[in-house]
Amino acid sequence: MTTTQIIAKQGWIGTGVLLALFLISALFDWTLCGFVSLVFLILWVAMFRNPERIPQTHENNAFVSPVDGIVRDVYSTNNEVHIKIETSFLDVGIIRAPCDVFEGKISQKKGLSLTCCNKQKQAQLNATMRFENNQDCVFSMEFFPIFFSSHELFAYSHLELGERMGFMKAGMTQITIPQDSKNSFNEIELKVSIGDRVSASQSVLGYFYEV
């Protein structure tokens with residue numbers, strides 16, 4: 001799952017369909033259909049692009065963004081730090097390890113991908129994904145995808161910082177970092193603010209330090 005492809009595997013079927021439609025349109029000289037299918041093909045490839053990313057930091061206490069997007073909220077409650085990042089359709093959908101992960105745990109809740117109903121209905125009916133890291137730097141990540149059903153977490157252990165671990169085309173990511181853990185390496189100094197644009201594996205969200 002970590003081999004590099006130009007397009008993420010979640011976009012292969014759509015790319016094939018749009019490419020076939022464009023070629024058929026060109027063969028039969030269907031100008032309008034060919035133009036529309038070409039535009040959609042370009043947009044689809046852009047949406048499901050799968051670029052290689054080289055982490056901008058090699059500090060072992062760095063905690064980088066797992067997704068591309070905009071920081072929508074940063075707050076603390078009950079000795080926990082929460083960071084919410086919104087990923088749009090035009091952002092890269094690859095989810096990457098925010099730090100070195102030796103052993104983690106993943107879980108998923110099947111459901112819908114609704115955007116036109118209230119938040120309470122979304123919380124009850126929509127699909128979610130969750131990752132928990134319980135060693136070294138303790139944290140969890142919850143993913144709330146919208147529209148596309150091709151979201152998944154496919155890796156959770158023995159990951160290096162920036163390594164691919166899942167996919168979510170668009171949605172919200174909530175990162176929770178407990179600050180009262182008995183783990184000796186779990187206080188975090190945040191380096192982002194609301195409104196900041198972040199890139200997966202390249203933007204540092206904060207630095208863990210010993211307590």
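This is a predicted model: local features need pLDDT of at least 70, side-chain atom pairs count only at pLDDT 80 or more; totals for chains, interfaces and linings use all residues.
Residues are numbered from 1 along each chain as its sequence is written, and side-chain values rest on heavy atoms, with hydrogens and water left out.

Helices (H or I, at least four residues) and strands (E, at least two) were taken as DSSP runs numbered from the N terminus, and two strands were regarded as paired if DSSP finds at least two bridges between them. Under these criteria, seven strands make up an open sheet with antiparallel pairing, in the order β5-β6-β7-β10-β3-β2-β12. Its edges are formed by β5 (104-109) and β12 (197-198), each of which pairs on one side only. Within this sheet, strand β3 (residues 80-87) is joined to strand β10 (residues 171-178) by eight bridges in the antiparallel sense, with Val81 having Ile177 of β10 as its bridge partner. Seven bridges join β3 to β2, again antiparallel, and here Val71 is partnered by Ile85 in β3. The strands β2 and β3 form a hairpin with two residues between them, and Asn78 in the turn has a positive phi of about 50°. Strand β2 (residues 69-77) also pairs with β12, over two antiparallel bridges, and Gly69 stands opposite Val198 of β12.

Further antiparallel pairing involves β9 (residues 164-167), which is joined to strand β4 (residues 94-96) by three bridges; Arg164 in β9 is the bridge partner of Arg96. Two bridges, likewise antiparallel, link β9 with β8, where Leu153 has Gly166 of β9 as its bridge partner.

Eight salt bridges are present in the structure, each defined by a side-chain nitrogen of Lys or Arg within 4 Å of a carboxyl oxygen of Asp or Glu. In one of these, Lys9 pairs with Glu152, their closest N and O atoms being 2.8 Å apart. Because Lys9 lies in the segment before α1 (12-27) and Glu152 in strand β8 (residues 152-153), the pair ties together parts that are 143 residues apart in sequence.

On the surface, Leu32, Phe35, Val36, Val39, Phe40 and Leu43 form a nonpolar patch with about 590 Å² of accessible area together. Patches consist of residues with over 30% relative accessible area and no salt bridge, like charges being joined within 9 Å and nonpolar side chains (Val, Leu, Ile, Met, Phe, Trp, Tyr) within 5 Å; accessible areas come from the Shrake-Rupley method with a 1.4 Å probe, and for residues only the protein chains shown count as cover.

Of its 19 lining residues, Cys99, Asp100, Glu160, Leu161 and Gly162 are the closest to its centre. A pocket is an open set of points on a 1 Å grid over the protein atoms alone, where a 1.4 Å probe fits, with protein on both sides within 12 Å along at least five of seven lines, and lining residues have an atom within 4 Å of a point; grid points are joined across faces, edges and corners, and the volume is the space filled by probe spheres set on the points.
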